[in-house]
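Me: I have a new structure open and would like to learn how to read it. Can you take me through it step by step?

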Amino acid sequence: MSDIAIYWFRDDLRLNDLAGLTAAAERGPVVALYIWDEKVSEEWRIGSASRWWLHKSLAALEAALTEQGIPLTLRSGNTATVLEEVCRSVNAKAVYCSRQYQPWAGQLEQSLRDSLSQHDVELKRYPGTLLHEPEAVATGAGTPFKVFTPFWRACLRRPDPQMPLATPTLSPCPTPVQSETLKSWNLLPTQPNWAHGWEDLWCPGEDGAHAALEQFLAHHVIDYGDGRDIPSARSTSRLSPYLRFGNLSPRQVWHAAQASKVFEPEASSATDKFLSEIGWREFCYHLLFHFPTMPDEAFNPKFSYFPWGTDQQRLTAWQRGQTGYPIVDAGMRELWATGFMHNRVRMVVASFLTKHLLLHWREGESWFWDCLLDADLASNACGWQWVGGSGADASPYFRIFNPIAQGEKFDKAGAYTRQWVPELQSLPDKFLHKPWEAPTEVLAQAGVSLGENYPSPIVDHKTAREAALGAYATLKTLSV
Ligand SMILES: Cc1cc2nc3c(=O)[nH]c(=O)nc-3n(C[C@H](O)[C@H](O)[C@H](O)COP(=O)(O)OP(=O)(O)OC[C@H]3O[C@@H](n4cnc5c(N)ncnc54)[C@H](O)[C@@H]3O)c2cc1C
């Protein structure tokens, strides 16, 4: 059979290792389609920073397809309507795509299957975003896992993920298909262009993803075990936005990492540690799939009764990196300036918001959603609930990160903090993470004037800690 197929790109913006695209190419000429349908993800419309990555990834995909003589068709509007229109315009009998796992995805895919079938069009859905499908991993009792370690052990007992597929040879559809321009979607910021300079930091798209993966495995994975907690060390892969948009598949990461162990056996345990973080990504998806309310509701129902505060000034200070706690402010400013934040610092700022400021984890989740290039419904919700204490396998609520100790431990020489909080550039290491303890003459010598060019702490650490524990104690008596 050789008839026209539509390949509907979603969070899989690449040509390599795409089972659905390979199958579509085997069927016949392919129309490569991306649909901009903001309403499909309900209140989780793609955030501002992620739009930047999306634009750049689509541009890279378009360029890669053009090399094969295939245009990328861009259409905005209701997904079902667009798919029906494009199928009709080229007389396509099948739509191929990768599966998604967000709470709305299953229902969307089922309703598309039903509506397309009325026009004699099949919807063919393939895995592609995960190493293991969420239904394929279960406890001995057949239930979903809620704890990471046994989940990952169960994953490791499964057969190895299949080897990645090569880019298929695509043949173009003889009938031209009407397309919009990427520019007309206005995904990039303009007035102001707050993403100015991001091209120097990131290279969205498949080529950039592979370069980042190779660079990491060749030079940095060896330090991952010790270095992954040091925000100034650049020891982590920074692959998260590539994985989020499917510029790279986890199977490609898995197999490249396994192969690198053969060439560099001394990096084996660090590589396994790195792969277990890919495992955390799998776990987050496993949880999201089985517990679809995770982005909106506390996993532990007791936390629905937590006495969260509503102080807007505190929230604004946190968002702007003006809390007076240097490591927290450094993280929030890194996020704003680069669309990224190191994992250790994500945990510190998340703990600070939910415990020191007693603000709802959903406030942080939503700010991250807008500001992160890797904003991912599963990992973001899971990360916030983990730190906030309400999640599956969460850090216990009473584990309150001390922002001073965290700074002193993980940014001892202060390189990270000084980069993002230049007001404190000249403060000696001893006081960098607690400038309020510095003697007046030390502050003056460093050009720091607390309350003027750098804020005094918005809350006192000890008092805030006690308030958080007090608020937490109110949950203990609940019988939920
Ligand atoms: C409050 C909070 C919010 C977060 N929000 C997101 C988010 O929206 N999107 C996102 O991709 N990650 C999120 N994370 C997880 C983690 O911080 C990032 O994945 C990681 O910092 C990305 O950097 P990297 O690629 O250098 O990671 P590496 O350490 O190199 O890890 C490799 C890959 O494993 C995955 N990974 C690593 N750690 C985690 C984790 N804890 N949970 C899930 N996956 C993980 C990522 O895909 C990452 O690219 C969040 C963590 C916290 C604490």
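**Reading the model**

Reply: Start with the overall layout. The C-alpha centres of domain 1 and domain 3 lie 39 Å apart. Keep in mind that this is a predicted model.

Me: Which domains does the domain assignment give?

Reply: The assignment gives domain 1 (5–128), domain 2 (130–161 + 205–290) and domain 3 (301–475).

Me: How many residues of domain 1 are in contact with domain 3?

Reply: Seven residues of domain 1 contact eight residues of domain 3. On the domain 1 side, three of the touching residues are nonpolar, four are polar and none is charged.

Me: Now the sheet. What is the order of the strands in the open sheet?

Reply: Five strands run in the order S3-S2-S1-S4-S5, with parallel pairing. Strand S3 (72–76) and strand S5 (122–126) are the edges, and each pairs on one side only. From one strand to the next, the twist averages 30°.

Me: How many bridges join S4 and S5?

Reply: Five bridges join them, in the parallel sense. For one partner pair, take Tyr 96, which bridges to Lys 124 in S5. On the S1 side, S4 pairs with S1 over four bridges, also parallel. There, Ile 6 has Val 95 of S4 as its bridge partner. Strand S2 (residues 30–36) pairs with S3 over five bridges, and Tyr 34 finds its partner in Leu 74 of S3.

Me: Which way do the side chains of a strand point?

Reply: In a regular strand they alternate between the two faces of the sheet. Look at S4 for the case here. Ala 94, Tyr 96 and Ser 98 point one way, while Val 95 and Cys 97 point the other way. Five of the five residues in S4 are buried, and the strand is mostly covered.

Me: Which helices lie on this sheet?

Reply: Two to look at are H1 and H2. H1 lies across strand S1 (5–9), S2, strand S4 (94–98) and S5, and it runs at about 155° to S4. Helix H2 (residues 48–67) packs on the sheet too, touching S1, S2 and S3. The direction of H2 makes about 145° with that of S3.

Me: Where does Tyr 416 lie, and what does it touch?

Reply: Tyr 416 lies in helix H18 (residues 415–420). It is buried, because 23 other C-beta atoms lie within 10 Å. Its contacts, not counting residues up to four places away in sequence, are Pro 231, Ser 232, Ala 330 and Asp 411. Tyr 416 and Ala 330 are 86 residues apart in sequence but 7.3 Å apart in space, C-alpha to C-alpha.

Me: What should I look for in the backbone of the loops?

Reply: Check the torsion angles. Asp 17 has phi near 45°, a positive value in a residue other than glycine. Asp 17 sits in the loop between S1 and H1, and it counts as buried because it has 23 C-beta neighbours inside 10 Å. Arg 234 also has a positive phi, about 55°. Arg 234 is in the loop between helix H8 (224–227) and H9. With 14 other C-beta atoms within 10 Å, Arg 234 is partly exposed.

Me: Which peptide bond is cis?

Reply: The bond from Gln 191 to Pro 192 is cis, with omega near 0°. Pro 192 belongs to the loop between helix H5 (148–157) and helix H6 (198–201).

Me: Last, the ligand. How many residues surround it?

Reply: The shell holds 27 residues, and the closest are Thr 236, Ser 237, Asn 343, Asn 380 and Gly 383. Helix H9 (240–244), helix H11 (268–290), helix H14 (343–356) and helix H16 (377–388) each give two or more residues. By type, the shell has twelve nonpolar, seven polar and eight charged residues. Domain 2 and domain 3 each supply at least three residues to the shell.

How values were computed:
Residues numbered from 1 in each chain as written. Predicted model: local features only at pLDDT ≥ 70, side-chain atom pairs only at ≥ 80, totals over all residues. Near = placed C-beta within 6 Å. Nonpolar A, V, L, I, M, F, W, Y, C, P; charged D, E, K, R; others polar. Domains from an automatic or database assignment. Pairing = 2+ DSSP bridges. Axes fitted to C-alpha atoms, helices over the stretch in contact; angles between N-to-C directions. Buried ≥ 20, exposed ≤ 12 C-beta atoms within 10 Å, placed from the backbone.
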